[in-house]
Amino acid sequence: METRQSGPIGRPRAFDADEALERAMLVFWEHGYEGASLSRLTEAMGISTTSMYAAFGNKEELFRKALERYTEGPGGYLTRALEEPTALGVATSILAGTVRTTTRSAGPPGCLGVQGALAASDSGREVRELLVAWREDGCCRVRDRFQRAVEEGDLPPETDVTVLARYVTTLAFGIAVQAASGVGRDELQAMADAALRTWPLP
């Protein structure tokens with residue numbers, strides 16, 4: 001027996017939410033959190049402010065979603081690097097991934113996790129804290145992987161894995177800053193290679 005649906009049928013969104021989020025991510029990546037005004041975001045996303053709020057919440061919530069997209073997409077090299085069989089392979093892959101991602105021709109230079117932190121006012125406080133936690137999470141993941149390397153005999157037993165992880169992630173963020181300033185891929189990769197020449201061997 002056929003039944004009638006009661007009430008009005010919801011109107012489908014007139015835009016592709018996935019594509020809109022991709023464009024928002026690029027705006028945040030290029031301009032930082034505070035530099036990405038609502039008008040700049042909605043223009044890039046091709047939607048009205050009302051539609052943005054309805055689909056993504058406020059600007060901070062949109063940024064959180066954009067950061068998640070960045071972490072899983074352009075920033076996904078970190079997860080892949082942690083699967084390398086050696087600690088040196090992990091570090092090499094992290095830095096190569098950073099160089100590649102921060103100098104790609106298809107997107108803004110630098111790193112969303114660094115560019116997004118350029119927020120000075122009180123309105124940007126929660127975003128700054130979010131990005132501090134995001135960077136710290138990455139460092140902790142690298143530290144845990146290096147700890148495993150020590151246990152497997154791939155790093156010397158006396159290795160301070162916390163310092164080593166901080167060294168690698170600080171290099172990565174430094175590369176991102178230099179890339180945003182216009183330093184080229186070849187020069188950044190040469191710097192990364194030089195930094196790993198003194199890698200501790202088991």
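Visitor: Which residue's backbone oxygen lies 3.0 Å from a polar atom of the Ser181 side chain?
Guide: This is a predicted model, where local features need pLDDT of at least 70, side-chain atom pairs count only at pLDDT 80 or more, and totals for chains, interfaces and linings use all residues. Residues are numbered from 1 along each chain as its sequence is written, and side-chain values use heavy atoms, leaving out hydrogens and water. Ser181 sits in the loop between α9 (161–180) and α10 (185–195). The backbone oxygen at 3.0 Å belongs to Val177.

Visitor: Is Ser181 buried or exposed?
Guide: Buried means under 20% relative accessible area, exposed over 50%, partly exposed in between (1.4 Å probe, protein chains only). Ser181 has 57% relative accessibility, so Ser181 is exposed.

Visitor: Where is Glu60 placed?
Guide: Glu60 is buried, at 18% relative accessible area. Helices are DSSP runs (H or I, at least four residues), numbered from the N terminus. Glu60 lies in helix α4 (residues 59–72).

Visitor: How many salt bridges does a search of the whole structure find?
Guide: Side chains of opposite charge can pair when their charged atoms come close. A salt bridge is a side-chain nitrogen of Lys or Arg within 4 Å of a carboxyl oxygen of Asp or Glu. Glu19 and Arg23 form one, at 3.0 Å, N to O. The search of the whole structure finds eight.

Visitor: Which residue is linked with Asp18 and Glu22 in a network of salt bridges?
Guide: Asp18 and Glu22 belong to a network of salt bridges.

Definitions and conventions:
Helix = DSSP H or I, 4+ residues; strand = E, 2+ residues; numbered from the N terminus. Polar contact = N/O pair within 3.5 Å; in protein donor to acceptor, adjacent residues only side chain to side chain.
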